[in-house]
Amino acid sequence: MKHYNIAVIGLGSIGCRHIFNIKRVLEERNITYSIDLFRSSRTGKEMDEEIEKIINKIYYDYENVQNYYDIIYVTNPTHLHFDTIKRFSSKTKHMFIEKPVFDRTDLSLDDLPLKEEGIYYVACPLRYTNVIEYLKNEYDLKKVYCARVICSSYLPAWRPHVDYRVTYSAIKEQGGGVSIDLIHEWDYINYLFGLPEQVLNIRGKYSNLEINSDDLSIYIGKYQKMAVEVHLDYFGREPIREIQLFTEEETIVGDLLKSEVRFLSSGRKLSFNETRNDYQLKEMAHFFNVIEGKKENDNDLRMALQTLKIAKDGTF
């Protein structure tokens with residue numbers, strides 16, 4: 001019977017979600033597993049009882065770990081990713097790295113001791129939403145003249161019962177700021193249309209939020225036969241997450257919050273019954289398919305770094 005030795009580095013909300021989804025995917029496939037947890041401090045977030053039941057062992061001292069893993073999940077803060085990959089690559093065959101891949105673009109992948117046969121997959125969960133899957137697989141994107149993408153929401157409402165001012169999103173030095181915090185948008189744009197030829201970007205802090213990171217980032221991306229507009233902000237009081245496609249015959253709205261695709265000219269509407277964990281679960285299943293050689297790694301470190309350069313620098 002197949003067995004995976006797994007480690008998770010960091011226990012934020014996304015790390016917890018991944019642990020539950022690892023459990024579900026592997027149990028559905030009748031694959032056994034063992035999950036160790038690496039934490040930076042004993043005084044951090046209290047562990048959920050259900051998580052505690054799944055975890056095999058908790059490590060606080062990274063230096064003395066002798067274990068070798070099949071997969072390590074890097075889910076600690078973004079500004080620690082590069083050093084974490086460097087430190088732990090010798091202790092694992094493969095890695096799943098949470099987005100954004102890094103907080104800086106002046107880092108060289110050549111400085112990482114990566115294994116030639118290793119899979120280094122960077123999270124890109126919005127690709128697995130029904131909306132993006134429909135647009136990718138069921139619609140002829142060559143018809144698109146222009147796409148308009150918006151992700152607008154109110155940062156203080158993101159994490160209930162947590163002071164937004166102390167989260168990494170609010171702190172530029174920890175990889176905060178809409179340009180890379182909301183990198184999902186550029187990821188699925190690149191997935192749908194490929195890399196742009198040119199990108200123009202305006203960003204800054206414009207609201208009264210008590211943060212030192214950018215709360216607004218606006219882009220225009222030029223392609224050979226189309227253009228893309230992107231609006232990202234932390235201060236929108238009514239959440240919006242949409243991709244709008246303009247063609248000769250239609251205006252199509254892919255609404256990621258309502259899980260709908262609306263055809264404004266014809267009045268047709270496709271509604272998908274989907275929760276956030278549905279597409280996170282699909283991504284986890286896809287990752288194990290990549291590990292098992294059933295699928296290609298469609299978001300490796302080099303691709304993720306290109307996306308980061310677009311989002312952060314407006315270049316690649």
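Let's start with the parallel sheet. Six strands form an open sheet in the order β3-β2-β1-β4-β5-β6, and the pairing is parallel. Two strands count as paired if DSSP finds at least two bridges between them. Helices (H or I, at least four residues) and strands (E, at least two) are DSSP runs, numbered from the N terminus.

A word on the source. This is a predicted model: local features need pLDDT of at least 70, side-chain atom pairs count only at pLDDT 80 or more, and totals for chains, interfaces and linings use all residues. Residues are numbered from 1 along each chain as its sequence is written, and side-chain values use heavy atoms, with hydrogens and water left out.

Back to the parallel sheet, in the order β3-β2-β1-β4-β5-β6. Its edge strands are β3 (55-59) and β6 (120-122), and each pairs on one side only. From one strand to the next, the twist averages 20 degrees. For angles, axes are lines fitted to C-alpha atoms, for helices over the stretch in contact, and the angles run from 0 to 180 degrees between N-to-C directions.

Now β1. Of its 7 residues, 5 are buried. Buried means under 20% relative accessible area, exposed means over 50%, and partly exposed is in between (1.4 Å probe, protein chains only). β1 pairs with β2 (residues 32-38) in the parallel sense over 7 bridges. There, His-3 stands opposite Thr-32 in β2. β1 also runs parallel to β4, joined by 4 bridges. Ala-7 has Ile-72 as its bridge partner in β4.

How do we get from β1 to β2? Which helix makes a β-α-β unit with these two strands? Helix α1 (residues 13-28), and the unit is right-handed. Right-handed means that, with the strands pointing away from the viewer, the path from the first strand over the helix to the second runs clockwise.

At the other end, β5 (residues 92-97) pairs with β6 in the parallel sense over 3 bridges. Phe-96 stands opposite Tyr-121 in β6. Helix α7 (residues 276-291) packs on this sheet. α7 touches β1 (3-9), β4 (69-74), β5 and β6, and its direction makes about 145 degrees with that of β4. Contact here means heavy atoms within 4.5 Å.

Ser-152 stands opposite Ile-240 in β11.

On to the core. The largest nonpolar core has 98 residues. By nonpolar core I mean a set of buried Ala, Val, Leu, Ile, Met, Phe, Trp, Tyr and Cys residues joined through side-chain atoms within 4.5 Å. Which residues have the most contacts inside it? Tyr-73, Phe-102, Phe-193 and Phe-288. Leaving aside neighbours within four places in sequence, Phe-193 is in contact with residues including Leu-141, Val-144, Tyr-223 and Leu-245.

Last, charges. The whole structure has 22 salt bridges. The cut-off is a side-chain nitrogen of Lys or Arg within 4 Å of a carboxyl oxygen of Asp or Glu. One of them joins Glu-133 and Lys-282, with the closest N and O atoms 3.0 Å apart. Glu-133 lies in helix α4 (residues 130-138) and Lys-282 in helix α7, so this pair ties together parts that are 149 residues apart in sequence. Glu-133 is partly exposed at 25% relative accessible area, and Lys-282 is partly exposed at 27%.

Lys-222 and Glu-197 meet in a salt bridge at 3.2 Å, N to O. Lys-222 is in β9 (residues 216-222) and Glu-197 in the loop between α6 (184-193) and β8 (198-204), so the pair ties together parts 25 residues apart in sequence. Finally, a network of salt bridges links Glu-242, Asp-255, Glu-260, Arg-262 and Lys-269.
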